[in-house]
Amino acid sequence: MVKIAIMGASGTIGKNVAFTLAEEDSIEEIILFSRPSSYEKITGEILDMDDALAAENTDAILTASCDYADLEGCSLVLITSGIPRKEGMSRLDLAVPNAKIVREYAEQIAKYAPDSIILIVTNPVDVMTTIALEASGFDKKRVIGLGNHLDSLRLKTILSKHFHINSGEVHTRVIGEHGDHMVPLVSSTTIGGIPLKYFVESTNLDIESLVNRLKSAGGTIISKKGATEYGPSYAVSNLISTIVNDSRKILTVSTYLEGEVEGVYDVSLGVPVILCKRGIQHIVPVKMNKFEKDTFFEAARTVKKATYAVKDELSK
Ligand code: NAP
């Protein structure tokens, strides 16, 4: 049985993740950590969640906190705190203010939960993964970011709807940046075990428009309802439940690269990894065609530049 914490718990993603994971048998306690100004709201959220959970006969321990000492004993801490992306804003517009929050929280996690895994959702998530890694001083296997797992779920949805098939038949993956330079691995996508290029022979799939839809998927939701909610929250819950149950699934997370994929180094990007209870067991090698490889290199250049720009600002 494990204890986890969610920082920024009063936010859309934080509270949705808490509610979803409250039903996870292997999690004993969830700390809903927030700024003092949100403490009352959090206690209200917990009372409301408890009523809903009673309908499922679930007695989860949900604890409101704004005291870092309550992070003690956590095996995983999720950071969702940050300023959310509004319509027209790029993820990079959020980088400096959010990096200050992530740096502060990662330092406190290292102090109070030194053996934990840090999972970051705050955008721009690939930049934040490096910021949290450096601020915590943790081994890189224990600092991971959500981004391309959500993009992969979105691509899966787009393809299953296009072909009118069960989403479980679609095996696909998006790597690179959680942003404009994401790399949908179309060349290794399979439908029911059949490579996409053979499956689509008779169906005229317009890959370019599909990729454009994928890239704008988050922005489209934000323009219609103000924020993304269920997609990221379920994607995060998926990662956490894989980790706490030691399920060893191959999922795509942002991790600091040191040459493991196409020699790319000194930048955090989304790549497939085997996830286990210690964090990343190892990075899974990826085969890309030339176009995918070039886009991956472009992602590396863009995110590395942004990371260094943010680090410069933080050092002022
Ligand atoms: P939200 O509803 O606005 O919640 C963010 C939370 O951050 C707030 O409730 C607050 O929590 C905390 N916060 C706000 N300003 C802060 C400050 N100045 N200092 C410290 N904490 C502060 O946002 P959301 O929709 O949950 O999104 C959270 C983050 O995830 C955003 O950065 C968003 O862009 C990102 N995101 C990432 C993905 C991905 O796939 N990686 C997907 C969607 C969203 P407390 O008051 O409780 O501390």
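Because the model is predicted, local features need pLDDT of at least 70 and side-chain atom pairs count only at pLDDT 80 or more, while totals for chains, interfaces and linings use all residues. Residues are numbered from 1 along each chain as its sequence is written, and side-chain values use heavy atoms, with hydrogens and water left out.

Let's start with the rings. A pair of aromatic rings is described by the distance of the centres and the angle of the planes. Here, rings of Phe, Tyr and Trp (its six-membered ring) pair if their centres lie within 6.5 Å; planes under 30 degrees apart count as stacked, over 60 as edge-to-face and the rest as tilted. That rule gives four aromatic pairs. One of them is Phe 33 with Tyr 68: the centres are 5.1 Å apart and the planes at 20°, so this pair is stacked. Phe 33 sits in strand β2 (residues 27-33) and Tyr 68 in the loop between β3 (61-65) and β4 (76-79), so the pair ties together parts that are 35 residues apart in sequence. Helices (H or I, at least four residues) and strands (E, at least two) are DSSP runs, numbered from the N terminus.

Tyr 68 also pairs with Tyr 105, this time edge-to-face, at 6.2 Å centre to centre and 70° between the planes. Tyr 105 belongs to helix α3 (residues 95-112), so this pair ties together parts that are 37 residues apart in sequence. Put together, Phe 33, Tyr 68 and Tyr 105 are linked by ring pairs into a cluster.

Is Phe 33 buried or exposed? Phe 33 is buried, with a relative accessible area of 2%, and Tyr 105 counts as buried at 8%. For the cut-offs, buried means under 20% relative accessible area, exposed over 50%, and partly exposed in between (1.4 Å probe, protein chains only).

Now for the salt bridges, where a side-chain nitrogen of Lys or Arg lies within 4 Å of a carboxyl oxygen of Asp or Glu. How many does the structure hold? There are eleven salt bridges. Among them, Asp 294 and Lys 290 meet at 2.7 Å, N to O. These two are four residues apart in helix α10 (residues 290-314), which means they are separated by about one helical turn. Asp 294 is partly exposed at 37%, and Lys 290 is exposed at 63%. Glu 313 and Lys 316 form another bridge, at 2.8 Å, N to O; there, Lys 316 is exposed at 74%. You will also find Lys 15, Lys 41 and Glu 45 linked in a network of salt bridges.

On the surface, Asp 48, Asp 50, Asp 51 and Asp 59 gather in a patch of negative charge. Patches are made of residues with over 30% relative accessible area and no salt bridge, with like charges joined within 9 Å and nonpolar side chains (Val, Leu, Ile, Met, Phe, Trp, Tyr) within 5 Å. Asp 50 lies in helix α2 (residues 39-54) and is partly exposed at 33%.

Last, two long-range contacts. Thr 242, in helix α9 (residues 230-244), is buried at 0%. Thr 242 and Gly 279 are 37 residues apart in sequence and 9.6 Å apart in space, C-alpha to C-alpha. Leu 205 and Phe 163 are 42 residues apart in sequence and 9.4 Å apart in space, again C-alpha to C-alpha.

Definitions and conventions. Accessible areas come from the Shrake-Rupley method with a 1.4 Å probe; for residues, only the protein chains shown count as cover. Lys and Arg count as positive and Asp and Glu as negative; His and the chain ends are not counted. The place of a charge is taken as NZ of Lys, CZ of Arg, CG of Asp or CD of Glu.
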